[in-house]
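Visitor: Could you take me through part of this model, one point at a time?

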Amino acid sequence: MTAIIVDKKTFEVDARANLLEACLGHGLDLPYFCWHPALGSVGACRQCAVKVYRNEQDTRGRIVMACMTAVAPNMLVSIADPEARQFRAGIIEGLMMSHPHDCPVCDEGGQCHLQDMTVMTGHNYRRYEFPKRTFRNQNLGPFLNHEMNRCIQCYRCTRFYNEYAGGTDFAVLKLRNLVYFGRAQEGVLESEFAGNLDEVCPTGVFTDKTAKQHYTRKWDLTFAPSICPHCALGCNLSPGERYGTLRRVFNRYNGEVNGYFLCDRGRFGYEHANSDRRIRAPLARSDGRLAPTAKAEALDRFSDLAAAGKIIGIGSPRASIEANFALRTLVGAQNFYAGVADSAYRLVALMVSLLREGPAPSSLRDIEHSDAALVLGEDVTGIAPRMALTLRQTIRRQGIRNAEKLGIPGWQDHAVRELAQNDHGPLYIASPYSTRLDDAATETHRAAPDDIARLGFAVAHQLDPASPEVSGLSADALALAGRIAKALGGAEKPVVVSGASTENEAVVRAAANVARALAKAGKSAGLAFTMEEANSLGLALMEPRPLGEAFEAARRGDVQSVVVLENDLYRRAPAAAVDAFLEAAGRLVVIDSLDTPTGAKADLVLPAAAFGEADGTFVSSEGRAQRFFRVFAPHDDIQESWRWLRDVLALLARPEGLAWTNLDKIVEGAARGIAALAGIRDAAPGAGFRIAGAKIPREPHRFSGRTSMLANIGVSEPKPPEDPDSALSFTMEGAETQPPAPLLPFFWTAGWNSMQAVNKFQEEIAGPLRGGDAGARLFESPAGAAAGYRNAVPAAFAPRAGEWLIVPRHHIFGSEELSARAPAIAQLAPQPYVALGPEDAAALGAGEGAAVEVRAEAGAARLPVRIEPGLPRGVAALPAGLGPLCGISLPVWARIELPR
Amino acid sequence: METPLTAKIRPDGTMVDLAAYERAGGYEAARKAMRMSPAEITEEVKKSNLRGRGGAGFPTGQKWSFVPLGPDAPRPKYLVANGDEMEPGTFKDRVLLEGDPHGLLEGMIVAARAIEADRGYIFLRGEYTDAAERLERALQEAGAKGYLGKNIFGSGSDFDLRLHLSGGRYMCGEETGLLNALEGKRANPRAKPPFPQVSGLFGKPTIVQNIETLSNVPHIIAKGAEWFKGLALTPDAGTKLYGASGKVKKPGCWELPMGTPMRELLDVYAGGMREGVKFRGVLPGGASTDFLTVDHLDVPMDFTQVAKAGSRLGTGTMIVLDDKTCPVGMVHNLTHFFSQESCGWCTPCWSGLRWAEEMLWAIEEGRGSASDLDRLGYICGMMAPGNTFCALAPGAAEPIQSALKFFRDDFERHLRYKHCPWRDGR
């Protein structure tokens, strides 16, 4: 820390900061555009000009750009200096020369950094009287709208898209005041992180195209703190609602998790909750058809089934802890089954045991601050997309360190990049197929999952000869293992990423061995496992029984009725097996928000609250328990799954039915009932939390039309809904100071209407939110020596004649169940296919797109061939979660033949 | 009067080839440099008081001394000759490049020795096709003799030198914009610090030096710093390639002692003004310098004295304004150039120059208003050094701000008459 004096007041600031972040970190208002806390400084816009003075005697001072100036002890600075003010006003005047007067029809209006900064600097009259420059816009795909006339040439978009996110299909084109930010040709933006441009752009050049379909100003949205339901990373979201539908999603900063950015699945997947395939009323089967029924009637039927006994429950990795726990309570722990394929369940259980032994799971922030990475068996972009963006920063860590040695501060972004050039890494990726992160890798390695595991074991063995040895490794693989071991061993803070992509337990064990060998060598070693769904880890911690045992129990005739919670069994097991199970299991109750093939078979369907409508807790793959809160109270009979189950418990006169009056009560029940979940209590303050006696408003104080929104129904203002579950109110009144991070619905402060307001909520710029980032970690590395090694090195992969090992391949768009129901994402989902290596495809006589029969024991389908260079011989891939074979548990051996 | 830079150049304009160059004593300085240590070379250049001829006048030896030397220095290190010469009114480097390419090569060999550079690039203005052909030939000749490439002059050091033709933008002449262009990126300038000596081309230590500067180096090494200082009339040492364009009788480029007074340049070498026109002012060192007027004709043309007079020596190639040419039109023309060449990086430049250009054209066309002159001055202030990211905009402001000072009457006549007093039929 060091002291600087700004306008005669002394501030303690980080000695390594630049002047802009030092000032903003203390809540001082200084306008800026090109600087971004995650992208650093480049000095383009010249908006953050301040005066600095040599000493007390220096009365003239000189203008410097705060973002490009390192703080120095006792530096004398003035923001208020008239000359600096005038210069900043001149800059905004220049920026606004050609900016259209279209704020009233611009989607950015009301959340626009350019508006805020223009007001802050006091520019209000355009003196430039010559023609404005105009551009042609491009159709950039389903996510983003492009309106180049609004551009102020701050270069943030290209710096995020090309430099930070590694995109290659977007560029800076042309010169002078005509600089054009776009693609060489119109078309869908390729980067999976393109949606961030909506928030990175300080004005309305890039805006959310999905929001445009149902646009509402930010100030008219009702927000709540939420967690992304579309993968296991647990990115924090701020969804916004008006008139009972979700309108858009903003990033909700969490310094340990998503930071400033989301992936496009997380940002645009929300529209599934607005789907016309939502279940909005209880449905009961009569005369063979599902028909709406009264809530009381539905509950009576449900409780009758429960009272009759022999009822089992199938939980879900996309349902909250609370929903799963309520089901477990209803049916009993012995009758509570994991709603995932047995192999997937075993894999997560293995990860849990490995993470408990340590090292504990790395947060995304840990990974970003690592300086070397090994990705073992993962297509990170497909399964845990936001982590891929993080790994792109990991590979810059050593370059930043080298720059700092030369006196170039890490925030001086372009200087750091110019010094490092393409000398990135180390990042090693071993995967059966190409991944979207390959371009960032030091080296990639294509192999069958078992061979990837062997590579991992070999790396661990090179790092520590005490770890299991791999016999019969090829000289090439051995040399690669040596290079990887050297790179990781030479780093200060290496991280190993593995997980669920290829569903291979040996790969996961090998990854843990590498991390442990690094820890034994005294490294601050990180380990991260990807998982498939938002609550995969939470469900595993409840130790349900494997799904196969439920099928077995039904076959034995031990089941009279089954409750399926927020799950489509046809995604979890082969169709024939599910059909047989449902046939044998008697009555079927489905609690879900969307209609599914499983729901279509139900005798009773209860409408569950969807994303944005439910409260609950997810445990992320980092082991972070995070609470999400309903954005709005759902209409009709829709309620949280745990409330449906609570209502049945009440009808059965079970004590929980009366005790679980709000979310806190069931959280407490789960925390008490399952030791591994004790920590979920700390995920967020309870419903009784108040700030100076007030609840926390879900609506910005400028929320408009409260008294007129429902004037078509009645002129008297209805009472806002009560929220018994949280300290959040459904109004704009309430606490005016910053709530704790888990209860922070949106970022807004006076004069800062855009997402840039997050500056005002952090302890320091890009640091934790004040009071600590949201969530409670359930895993910490045990003290003492690093855990021992796992054995069971698999044999080398042996291709089979006429058969292929089918591995899953996760797609950011299409593989995840809920987001695939969002129209914008559905547009980008791939068609079903089977991927083969070029040699295998040639041997089969199948060209690109040729139809082939894929026959596994569990099912068969005719699929077009996609030729995937690099896919090892004897290995084929199917897209995870989509297509006719999505219920088959992978990996599996299958025949692939040309149709006769 | 000695003219070391141009002495070898043939009057018929043909190239001095390697044989001719060596007959005239060429490459002896390079041989001598191979026997000197890098520090000795740099010290000699420092003592010579050679200042950069690209326009900024930074002491050359001092610049070299910032390059890390020795076995621990990052490798490869680069030496880049800046032959972009896009400054309007400037054509001095072209004379050297076309006439005596080996002079540049020898200078680069010596400079590379001084900074222990492994690789070199000659970054050449794309339109200089004759120079490109001759440089290619010179590179081949020198390479064949072992003066370039591996183990040059048997010294044990390598120096791989290549020619790169610019795609053609004014920004490519800015040293860091040039580096980005060489890397195949947009020719945007880079932040300084870090300076190229620390992190330059491909992130490695790099010296970027003007053609004329480098061409001086062999002579300093061959004949010594004291001799070099003795060439000049003023303490800014050596000779200088001066030039003049505009309505003078004999526009051209001449090598003369540093510090030759402007009046002598214009009257003796440029032959005075053409019949029927009178001198009104001059941009002493290319388009991006402040106007000087008849009051400044006795200024010795060196870095220090021209700066004292309120302008810059710049490239030393003068653009003369006469009384039959509209100063507003001239400044508009220059501003149009600079506005067009703005890379679009920093706001004062891309917005300020566009606005200034529009306003100057409006004034020229008689559509200006009284407030425009103040606003032009204000825009120039916004583009002052330190306010912008690189020197393009401050340079572009210099002709505007000085024209407003010296030719304000002419601007006001445009406003008053609502047309340009110089144009026919109005």
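Visitor: Which residue of S4(B) is the bridge partner of B:Leu79?

Guide: This is a predicted model, in which local features need pLDDT of at least 70, side-chain atom pairs count only at pLDDT 80 or more, and totals for chains, interfaces and linings use all residues. Residues are numbered from 1 along each chain as its sequence is written, while chains are lettered from A and ligands numbered from 1 in the order in which they are written. Strand S1 (residues 78-83) of chain B runs parallel to S4(B), joined to S4(B) by five bridges; strands (E, at least two residues) and helices (H or I, at least four) are DSSP runs, numbered from the N terminus. In S4(B), the partner of B:Leu79 is B:Ile207.

Visitor: What angle does the direction of H9(B) make with that of S4(B)?

Guide: H9(B) packs on the sheet and touches S1 and S4 of chain B, contact meaning C-beta atoms, placed from the backbone, within 7 Å. Axes are lines fitted to C-alpha atoms, for helices over the stretch in contact, and angles run from 0 to 180 degrees between N-to-C directions. On that basis, the angle between H9(B) and S4(B) is about 95°.

Visitor: Within what arc do the buried residues of H3(B) fall?

Guide: In helix H3 (residues 38-48) of chain B, the buried residues include B:Ile41 and B:Val45, buried meaning that 20 or more other C-beta atoms, placed from the backbone, lie within 10 Å of a residue's own. Taking directions from the helix axis to the C-beta atoms, the buried residues of H3(B) line one face of the helix, because they fall within an arc of 160°.

Notes:
A residue is buried if 20 or more other C-beta atoms lie within 10 Å of its own, exposed if 12 or fewer, and partly exposed in between; C-beta atoms are placed from the backbone. Two strands pair if DSSP finds at least two bridges between them. Two residues are in contact if their C-beta atoms, placed from the backbone, lie within 7 Å.
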